[in-house]
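Hello,

Here is the structure for you to look over. My notes on its charged residues follow below.

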Amino acid sequence: MTLKSTLLKSTVIAALIAAPLAPVMAQTATPEAPAEAPAAEAPAAPALEFSEEQLAAFVDAATEVQAVQQDYMAQIEQVEEPEGKQALVEQAQAEMADAVNETDGMDVNTYNEIGQAAQADPELNQRILAMLQERAPAGPETMTE
């Protein structure tokens, strides 16, 4: 259905923009770590300007990162021992970093900067959302008559 597809796309888009690369998997790796410390250290995001090319590369990289996250999250949930989970988290982090670095015009630092800026800047967030929606593969609603 169209509503279900739209909700799924919105959830995926929100997940892509919600958190930078390293903190996403770090949260999985160390659930006992205090959440206040990183938040207290986070400076106010400066007003950065990103080119359309950088944003396009971010969207490409975010799509790849999200695929790696989905794959590894399923694997991590199935492992019970902390050492096994940690090993999978480290593999996932390496693959996500590789996915970002293999994207033309993108590196992990720029990816994280754009992700953090999008969290702080609703206008930038909307630009990225629009780019993600434009690039989203045609859903079932376009296949129906």
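Arg127 is partly exposed, at 30% relative accessible area (buried means under 20%, exposed over 50%, partly exposed in between, with a 1.4 Å probe and protein chains only). Arg127 forms a salt bridge with Glu52, with the closest N and O atoms 2.4 Å apart. A salt bridge here is a side-chain nitrogen of Lys or Arg within 4 Å of a carboxyl oxygen of Asp or Glu. Glu52 is in helix α4 and Arg127 in helix α7 (residues 122–135), 75 residues apart. Helices are DSSP runs of H or I with at least four residues, numbered from the N terminus. Glu52 is partly exposed too, at 44%.

Before going on, the basis: this is a predicted model, where local features need pLDDT of at least 70, side-chain atom pairs count only at pLDDT 80 or more, and totals for chains, interfaces and linings use all residues. Residues are numbered from 1 along each chain as its sequence is written, and side-chain values use heavy atoms, leaving out hydrogens and water.

The count comes to two salt bridges. Arg135 pairs with Asp60, with the closest N and O atoms 2.3 Å apart. Arg135 lies in α7 and Asp60 in α4, so this pair ties together parts 75 residues apart in sequence. Arg135 is partly exposed at 40%, and Asp60 at 35%.

Last, Glu102. It is exposed, with a relative accessible area of 65%. Glu102 sits in the loop between α5 and α6 (108–120).

Best wishes

Note on methods:
Helices (H or I, at least four residues) and strands (E, at least two) are DSSP runs, numbered from the N terminus.
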